[in-house]
Amino acid sequence: MKNRMIRINDEIKRELSEILRSGIKDPRMAAMASAVRVETSADLKYCKAYISVLGDEATKASCMEAINSAKGHIRSEMANRINLRQTPEFKFILDDSLDYSFKIGKMLDDVNKE
């Protein structure tokens, strides 16, 4: 069962990244938004999707607004692309782990220069 959930999460993440890249026509969408991690509940009713957006805070906020306003469209697109009995309801969470790792890398570079 665990392998099945891993495969489902990977498939949802791949399709969600594709939908974010080309399926949302909202002008608030940032060019560089993708799904970093997906956690689906065991009953496949709910799915937490961690979204990474490159840009400043205003860009991130407007991109997340666009994604949240397109929840219905994203869910219907997911239903068309993935064959599951029930398409999960998505909760989108902004993931800042890439920004954090860039910040730590910059700090390490600064320390090494000294």
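**Close-up views of a predicted model**

**View 1. Met32, Leu54, Leu98 and Phe102 make a nonpolar surface patch of about 400 Å².** This is a predicted model, in which local features need pLDDT of at least 70, side-chain atom pairs count only at pLDDT 80 or more, and totals for chains, interfaces and linings use all residues. Residues are numbered from 1 along each chain as its sequence is written, and side-chain values use heavy atoms, with hydrogens and water left out. Patch residues have over 30% relative accessible area and no salt bridge; like charges are joined within 9 Å, and nonpolar side chains (Val, Leu, Ile, Met, Phe, Trp, Tyr) within 5 Å. A salt bridge places a side-chain nitrogen of Lys or Arg within 4 Å of a carboxyl oxygen of Asp or Glu. Accessible areas come from the Shrake-Rupley method with a 1.4 Å probe, and for residues only the protein chains shown count as cover.

**View 2. Met32 lies in the loop between α1 (2-22) and β1 (33-40).** Helices (H or I, at least four residues) and strands (E, at least two) are DSSP runs, numbered from the N terminus. Met32 is exposed, its relative accessible area being 52%. Buried denotes under 20% relative accessible area, exposed over 50%, and partly exposed in between (1.4 Å probe, protein chains only).

View 3. Cys47 is buried at 1% relative accessible area, and Cys63 is buried at 0%.
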